[in-house]
Amino acid sequence: MLTPILAYFLSVLLLCRIAFSQYSSDQCSWKGSGLTHEGHTRDVEQVYLRCSQGSLDWLYPTGAIIVNLRPNTQSPAAALLSVCIKPSRDSHGANIYLDRAGKLRLLLREQDQAQGKVTCFSIQEGAMFIEAIPHRDISKRITSFQYELVTERTGGGALAGVEPHALSAPCQPCSDAEVLLAVCTSDFVGRGTIQGVEQEAEQLSVTVAISRLYRQKTQVFVSGGVRVRRWTGRVRMPRQCGVRPGPGKGDGDFLFTGSVRFGEAWMGCAPRYKDFLRLYQEAEQSGTNPCHVDTD
């Protein structure tokens, strides 16, 4: 029979083990091996990833794993999140499904992953069910991808018109509210012009010259030098968006906003600067601006 003191210490130990288990599951990246349950190929392991971005590496895949992607904060806005995954070009050994209430929908076949294309789905569509394909030799197989959680939009962007990788309707104008919010929340914001457009397989690579750089979280635009207040960089857009070099219709620059996904810059809302300035000044007068921008 346990003494009260021993029972107390055992209960504390149990709580610590539970807390550690919960803490260890709140991670950004996961790396595991199918060899841990090779003798039990029907085993299904639960994986919990609770960051806005990270990676997964499943070595020697056998059986299956369920990957639960969730934001690390609880908010009604979490329902509007999408998950984007970018498989490694040498990823193979498993098929990737979406599992919602026990119903599976094929997301990526093994052979599709070698293309390294980004695939997105709503976080409400369920968890990822990654099922290993039986092979006699699993020694050289690995299922690997990067992931990011991104916010869906109800409409498209003004010039480019999309969330990165065409999460929603591409090439459609942003609303006034979306433009103002994009200026406050985008990974990069700058005023400038389009210098060149190159067509790639499924997207456009746009060379942008920035005369005034308001913000960039990563090195999207490179400075021309200390004495030259000018930055240049490349931003990607969906291929179906008709874009030409120059300031566009009418006079004036564009205000470029966008996001960086998997190391690539993607255009978001991009109104003409004079249109943005009008919106901004009206919002300033009404006190509805979500953030301050130095427009002088």
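Guide: Let's start where the two helices touch: Asp176, Val179, Leu180 and Val183 in α2 meet Phe276, Leu279, Tyr280 and Ala283 in α3. Contact here means heavy atoms within 4.5 Å. By type, the residues of this contact are seven nonpolar, no polar and one charged. For that sorting, Ala, Val, Leu, Ile, Met, Phe, Trp, Tyr, Cys and Pro count as nonpolar, Asp, Glu, Lys and Arg as charged, and the others, Gly among them, as polar.

Before going on, a word on what you are looking at. This is a predicted model, in which local features need pLDDT of at least 70 and side-chain atom pairs count only at pLDDT 80 or more, while totals for chains, interfaces and linings use all residues. Residues are numbered from 1 along each chain as its sequence is written, and side-chain values use heavy atoms, with hydrogens and water left out.

Now the geometry. The axes of α2 and α3 (residues 273–286) come within 10 Å and cross at roughly 90 degrees; axes are lines fitted to C-alpha atoms, for helices over the stretch in contact, and angles run from 0 to 180 degrees between N-to-C directions. The two helices are therefore roughly perpendicular to each other, a label used for angles of 65 to 115 degrees, with under 35 being roughly parallel, over 145 roughly antiparallel and the rest oblique. Helices (H or I, at least four residues) and strands (E, at least two) are DSSP runs, numbered from the N terminus.

Lys217 forms a salt bridge with Asp187, the closest N and O atoms being 3.6 Å apart; the term stands for a side-chain nitrogen of Lys or Arg within 4 Å of a carboxyl oxygen of Asp or Glu. Asp187 sits in the loop between α2 (176–185) and β11 (188–199), and Lys217 in the loop between β12 (203–216) and β13 (221–223), so the pair ties together parts that are 30 residues apart in sequence. Asp187 is buried at 14% relative accessible area, whereas Lys217 is exposed at 59%.

Glu198 is partly exposed at 41%, and so is Arg234 at 44%. A search of the whole structure finds ten salt bridges.

Finally, step back to the whole chain. The secondary structure comes to three helices and 16 strands, and buried residues make up 43% of the 296 residues. In the largest nonpolar core, Val67, Ile85, Met128 and Ile130 touch the most other members among its 25 residues. Such a core is a set of buried Ala, Val, Leu, Ile, Met, Phe, Trp, Tyr and Cys residues joined through side-chain atoms within 4.5 Å. A second, separate core of 18 residues includes Phe188, Val206, Val208 and Val220.

Terms used: Buried < 20%, exposed > 50% of the residue type's maximum accessible area, 1.4 Å probe, protein only.
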